[in-house]
Amino acid sequence: MNEKPPMQSLESFEERSRVLFHDSVEGLGGALRSRLTQARSAAIEAASTSRPARFSRIGVLMPAGVTAAAVLGAFLWLGSPLGQHAVTVADGQSNFEDLEMVASSEEGSADAMDMLQDDIEFYDWAEKAANSGPAA
Amino acid sequence: MPRFDTLNSAWMVWDGPAPAPEEAVLEYTRELEKFLAEIERRAFRMAQVALRDPDDAMDAVQDAMLKLARNYASRPSAEWRPLFYRILENGIRDLQRRRSVRKRFMAWLPGPKEDPDNEAQDPLENVADASPAIPEVLMQGQAMQQLEVSLRALPARQQEAFMLRNFEGLNVAETATAMGCSEGSVKTHYSRAVHTLREDLGEVW
């Protein structure tokens with residue numbers, strides 16, 4: 001006769017398997033624990049050197065923003081129908097001055113570029129806002 | 001949408017979120033380290049049960065830690081556990097798939113057959129059957145080995161559900177997130193796993 005032994009209760013089975021598993025976890029050797037600690041340290045290092053996705057976008061947006069600013073600056077500077085080195089549109093004058101200030105290569109250019117890099121999200125947003133047409 | 005005469009005036013009304021200060025990054029990396037330290041050994045054992053190989057298990061856990069840290073560290077810490085196990089389970093499945101492809105490829109090659117999984121030397125294959133007549137001699141280690149052998153015989157999804165629910169203590173919703181399936185599926189997989197394991201291991205286990 002090959003009768004199967006009766007099964008233990010569900011709760012005691014679950015409890016026993018859980019206890020056994022946790023005992024086996026506690027019994028992990030020092031070498032494995034050390035490797036796990038090293039793996040954790042590498043992960044923490046990665047977390048502290050990377051930024052959340054929102055901020056990592058800066059790396060992509062920065063060159064695009066700088067290029068857009070340069071193209072706009074060149075357009076305003078060279079593309080004037082009157083051939084003047086000034087913007088003829090009245091409210092474009094002040095925008096041009098701002099861009100000139102930011103993009104100036106003579107006075108405080110490092111500061112200006114730093115500012116541009118730091119606030120690239122803002123400039124991206126401002127560009128979109130300005131291009132979206134007249135005020136509602 | 002407001003129109004701006006100058007960039008300065010645009011700046012005044014900009015209400016975008018402030019950049020994350022360094023302190024915030026430090027805070028969540030500290031919290032993440034605590035979290036990883038708390039789960040790493042259990043995660044490793046679960047990966048080891050699924051993969052049979054400690055080196056593969058270590059790779060899977062390390063990979064999951066890195067992915068969690070790189071991509072999800074800024075998420076609320078309550079989400080980390082199911083996310084971590086989802087990454088880990090995906091990693092385990094990838095390794096298993098790669099193994100089976102390698103196995104099939106090796107089968108086509110001429111010459112002596114290699115044994116990439118080293119299954120022939122797997123000590124768990126040689127675990128002696130426990131005698132129902134002498135349950136008292138079953139040591140904790142042997143009982144765990146028996147459980148591991150039975151767990152490995154389960155379909156992958158049942159194995160995952162059992163380990164996540166029972167070993168890791170995830171609730172049904174968290175397990176569903178970790179497994180990428182519905183809560184109903186989790187219940188079904190878990191119930192089938194428990195039924196099979198209890199039948200397999202019997203009362204004396």
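1. Let's start with Leu88(B). Beyond its neighbours within four places in sequence, Leu88(B) touches Ala43(B), Ala47(B), Ala60(B), Val61(B) and Ala64(B). Do keep in mind that this is a predicted model.

2. In soluble globular proteins, nonpolar side chains tend to be buried together.

3. Helix 2 of chain B carries charged pairs as well. Glu38(B) and Arg42(B) form a salt bridge, with 3.2 Å between the closest N and O atoms; both sit in that helix, 4 residues apart, about one turn. Glu38(B) is partly exposed at 47% relative accessible area, whereas Arg42(B) is buried at 11%.

4. One pair worth a look is Arg45(B) with Glu148(B), a salt bridge at 2.5 Å, N to O. This pair links distant parts of the chain, from helix 2 to helix 5 (residues 140-153) of chain B, 103 residues apart. Arg45(B) has 6% relative accessibility, so Arg45(B) counts as buried; Glu148(B), at 7%, counts as buried too.

5. Over in chain A, Glu15(A) and Arg18(A) form a salt bridge (2.9 Å, N to O). They lie 3 residues apart in helix 1 (residues 10-26). Glu15(A) is partly exposed at 41%, and Arg18(A) is partly exposed at 29%. Over all chains, the count comes to 17 salt bridges.

Note on methods:
Residues are numbered from 1 along each chain as its sequence is written. Chains are lettered from A and ligands numbered from 1 in the order in which they are written. This is a predicted model: local features need pLDDT of at least 70, side-chain atom pairs count only at pLDDT 80 or more; totals for chains, interfaces and linings use all residues. Side-chain values use heavy atoms; hydrogens and water are left out. Contact means heavy atoms within 4.5 Å. A salt bridge is a side-chain nitrogen of Lys or Arg within 4 Å of a carboxyl oxygen of Asp or Glu. Helices (H or I, at least four residues) and strands (E, at least two) are DSSP runs, numbered from the N terminus. Buried means under 20% relative accessible area, exposed over 50%, partly exposed in between (1.4 Å probe, protein chains only).
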